[in-house]
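Have a look at the model first, then read on.

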Amino acid sequence: MPMIEWRRLSTGIRPVPDPVATPVIWGGAFLGALVLVATLNFLGGHGRPTFALVALSLLAALLGLCARFVAAPGTAALCWLFLNGFAIPPAGRLSWAGDRDARWLACLLAAAVAGTALARIVNARAGYRRISPLGRHPGSPE
């Protein structure tokens, strides 16, 4: 019968990296969305919200890779503000068009949550490999 080996996880290298602070993620969402929407508008994408929605969803997912779950709603809201305010005419004016904006907000939130969930799964698997003996899974052939 194998013995249980206890290890302290608080000493040395952490098995799972700490997520970035939420205000830093929101700052990245603000600046990233600003630059992204400005670039898309400069390249002739003004009035084509589909391209901006896809690009901002990718930004939200990328930011989610290093964020906590609590940062996802704010990230989605900041991306939506730039999408609604500057990617559709008239520029600089926020509006709410019921179903459309609800879908956009849900898409951005889903992207941010998916990025965060993916990062948690990858980090948990990597952390498990770091603390298991010789990086092997229990039950795997030796």
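## Surface and ground rules

The chain's accessible surface comes to about 9200 Å², and 71% of that belongs to carbon and sulfur atoms. Accessible areas here are from the Shrake-Rupley method with a 1.4 Å probe, and for residues only the protein chains shown count as cover.

Keep in mind that this is a predicted model: local features need pLDDT of at least 70, side-chain atom pairs count only at pLDDT 80 or more, and totals for chains, interfaces and linings use all residues. Residues are numbered from 1 along each chain as its sequence is written, and side-chain values use heavy atoms, with hydrogens and water left out.

## Overall layout

The chain has 4 helices and 0 strands, so the pattern along the sequence reads α-α-α-α (DSSP runs numbered from the N terminus: H or I of at least four residues for helices, E of at least two for strands). Of the 142 residues, 30% count as buried, meaning under 20% relative accessible area, with over 50% called exposed and anything in between partly exposed (1.4 Å probe, protein chains only).

Now for contacts, meaning heavy atoms within 4.5 Å. Among those between residues at least 6 apart in sequence, 73% join residues at least 24 apart.

## The nonpolar core

The largest nonpolar core holds 25 residues, and L56, L59, C79, L83, W104 and L108 touch the most other members. (Such a core is a set of buried Ala, Val, Leu, Ile, Met, Phe, Trp, Tyr and Cys residues joined through side-chain atoms within 4.5 Å.) Each of α1 (22-42), α2 (49-64), α3 (72-86) and α4 (98-131) supplies at least two residues of this core, with α3 giving the most, at 7 residues.

Take L108: leaving aside residues up to four places away in sequence, L108 touches L53, L56, S57, A60, A76, C79 and W80.

## How α2 meets α3

The axes of α2 and α3 come within 10 Å and cross at roughly 155 degrees. Axes are lines fitted to C-alpha atoms, for helices over the stretch in contact, and angles run from 0 to 180 degrees between N-to-C directions. The two helices are therefore roughly antiparallel, a label for angles over 145 degrees. On the α2 side, the contact uses P49, A52, L53, L56, L59, A60 and L63, and α3 brings T75, C79 and L83.

## A loop residue: I88

I88 sits in the loop between α3 and α4. I88 is buried, with a relative accessible area of 7%. Not counting residues up to four places away in sequence, I88 touches H46, P49, L83, R100 and W104.

Key
Angles under 35 degrees count as roughly parallel, over 145 as roughly antiparallel, 65 to 115 as roughly perpendicular and the rest as oblique.
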